[in-house]
Amino acid sequence: MTRSIANETVVVPVRGQVGDLDAIYNLNEVGGFIWEQIDGRKSISQVAEAVHGEFEVALEQAEKETSEFIAALEAAGMIEPCGPKAQGMQTDALEA
Amino acid sequence: MQPDALETRPYHDFSAQIQGRMVAQRIPSSATIEVTRRCPLECAHCYNNLAMGDVEARRGELSYDEHRDLLDQIADVGCLWILYTGGEIFARKDFLDIYTYAKKKGFLITLFTNGTLITPRVADCLVEWRPFSIEITLYGSTKETYERLTGIPGSYDRCLRGIHLLLERGLPLKLKTVAVSINKHEVGEMKRFAEGLGVGFKFDSMINPRIDCSRSPIGVRLQPWEIVKMDLEDPERVAEWKKFAARYNRPAPSEQSDELYQCGGGVNGFAIDPEGKMSICVLSHFDTFDLRRGSFREGWDHFLRQVRRKKITRVTKCTGCQIKPMCGMCPANGELENGDPESPVDFLCHVAHLRAKALEIPVPPHGDCEYCEGGSSHTVLADSLESLDKRAAEKWMSFTESKPLFPILADERNAGTGCCSCGR
């Protein structure tokens, strides 16, 4: 989950076999917004559309940067794809 | 879009940076919560333990629902770190319920425990809801010494079982001890035991009177020369003290701070006792705010702010003392030892002066101090130095035996059924 602490959004590991807490992940405003969209139901495309609407950036740019950000979250073990796989990550729902 | 939507920082960098901002903004970031004072052990040195069967104590403790409400409140105001302590935290049957609720709220949680009530069920829960850190206090490296201090037969084996259960699950365990007259000769072995397991170890020698005003713990407190002897036998400790002194011992400024409290209590830290009384720290009980009668926000914004702003009312030898950082004197110690937060604690003064002398750290004059040259207790200091010299050949911290201690753990490690050092 995330905590807003002293004007920072921090990802705090809550459950399961996370490693010892030797690193802390901070999310900026956009990162925090994307994190909030990750609910186990939305696809990456849907999250990118929400980013496009919220931050008034081109849809293509929103899709590219959302995908990059989500890939970084996944690489850090903070989220994982869930739901039926259809077209790879592009349509996977995501779960924090 | 903004760059660095996801920034990764080493935990220690994050902690140092955010703590600085939290102090500047007076955000209550660090809670110490005593969930109970009941404990299955009867340690001679303990400052607050009560019997497991103390019905009155149990009735007075915050309920699970009250803890949940408290956690909701402190999460809202930005608290990030919680230290759960006791008594013995697992003496409460509902502690894991409180703990998992706190985990779900996103706190970074450290647990202080004696380990004797850790069962497979408890350890499995901690795997699922992993704490930031767990610290178990050892009371001896042998059953005889351990149980002489705890007063409870069988407690040694139960503690080892607890350690084993945590380590085999790879949980973030550290060990520590309180060095007292009963176990001082086994501190070195306890350290080696921890090193053998691959976990951190620390010890503390400072003992306070009990918070109920009993001075019984003083009966097992080490003599000042014994405390300093343990420092001197550990090169790492000597280096740390010298580094600490070089960094923090400073000439007294021309204008002294007139604040009574110099610590983080009331700035970013606070303590809550089992009955919901909030104070500057767990040792200080002169000024408390009843969280059953008011909200955390009220207690923090108004009551504790006023406590933290208290001024000293008189000049003492501590006021201008340049080795105060090596001493540990604080208002809570004054409260417990003398019933007066501003009254210097003779024992701490003795230890600080002896430590400085032994480590050849200068002690500039600081008023009417008994332990400085010409003072009434200067001869006492000389006697302590003589005791240090006489007993220098004895090595309490050295390791005279090569056989493994704690055979339950050592056997399993040797048998290759899982590494007790790394837990894998």
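Reply: Each axis is a line fitted to C-alpha atoms, for helices over the stretch in contact, and angles between N-to-C directions run from 0 to 180 degrees. Helices (H or I, at least four residues) and strands (E, at least two) are DSSP runs numbered from the N terminus. The model is predicted: local features need pLDDT of at least 70 and side-chain atom pairs count only at pLDDT 80 or more, while totals for chains, interfaces and linings use all residues. Residues are numbered from 1 along each chain as its sequence is written, chains are lettered from A and ligands numbered from 1 in the order in which they are written, and side-chain values use heavy atoms, with hydrogens and water left out.

Two packed helices are described by the angle between their axes and the distance between the axes. In chain B, the axes of helix α9 (residues 224-233) and helix α10 (residues 235-248) cross at roughly 105° and come within 5 Å. That angle makes α9(B) roughly perpendicular to α10(B), given that 65 to 115 degrees counts as roughly perpendicular, under 35 as roughly parallel, over 145 as roughly antiparallel and the rest as oblique. Contact here means heavy atoms within 4.5 Å. On the α9(B) side the contact is made by B:M230, B:D231, B:L232 and B:E233, and on the α10(B) side by B:P235, B:R237, B:V238 and B:W241. Sorted by class, the contact of α9(B) with α10(B) has five nonpolar, three charged and no polar residues. In that sorting, Ala, Val, Leu, Ile, Met, Phe, Trp, Tyr, Cys and Pro are nonpolar, Asp, Glu, Lys and Arg are charged, and the others, Gly among them, are polar.

Elsewhere in chain B, helix α12 (residues 331-338) is mostly covered, with seven of its eight residues buried. Buried means under 20% relative accessible area, exposed over 50%, and partly exposed in between (1.4 Å probe, protein chains only). The buried residues of α12(B) are B:P331, B:A332, B:N333, B:G334, B:E335, B:L336 and B:E337, and they pack against α13 (346-358) of chain B. Just after α12(B), B:G339 takes a positive phi of about 70°.

Helix α13 of chain B contains B:A352, which is buried at a relative accessible area of 1%. Leaving out residues up to four places away in sequence, B:A352 touches B:I323, B:M326 and B:C327. B:A352 also lies 9.5 Å from B:M329, C-alpha to C-alpha, at 23 residues apart in sequence.

The cysteines come next. A disulfide is a pair of cysteine sulfur atoms within 2.5 Å, and by this rule the count over all chains is zero. The sulfur of B:C46 is 6.4 Å from the closest cysteine sulfur, in B:C43, which is too far for a bond; B:C46 is buried, at 18% relative accessible area. For B:C79, the closest cysteine sulfur is in B:C281 at 16 Å, again too far for a bond, and B:C79 is buried at 0% relative accessibility.

One backbone detail of chain B also deserves mention. The peptide bond from B:G86 to B:G87 is cis, with omega near 15°, and B:G87 lies in the loop between β5 (81-85) and α4 (95-104) of chain B.

Chain A has three helices and five strands, in the order β-β-β-α-α-α-β-β from the N terminus on. Of its 96 residues, 43% are buried. Its accessible surface comes to about 5000 Å², of which 46% belongs to carbon and sulfur atoms; such areas come from the Shrake-Rupley method with a 1.4 Å probe, and for residues only the protein chains shown count as cover. Among contacts in chain A with a separation of 6 or more, 40% join residues 24 or more positions apart.

Strand β1 of chain A holds A:T2, a buried residue with a relative accessible area of 17%. Not counting residues up to four places away in sequence, A:T2 touches A:T9, A:V10, A:V11, A:L27, A:W35 and A:E36. A:T2 and A:E36 are 34 residues apart in sequence and 8.9 Å apart in space, C-alpha to C-alpha.

Positive phi values occur in chain A as well. A:N7, in the loop between β1 (2-5) and β2 (8-11) of chain A, has phi near 65°, a positive value in a residue other than glycine; A:N7 is exposed at 76% relative accessible area. A:E56, in the loop between α2 (44-55) and α3 (59-75) of chain A, has a positive phi near 55° and is exposed at 72%.
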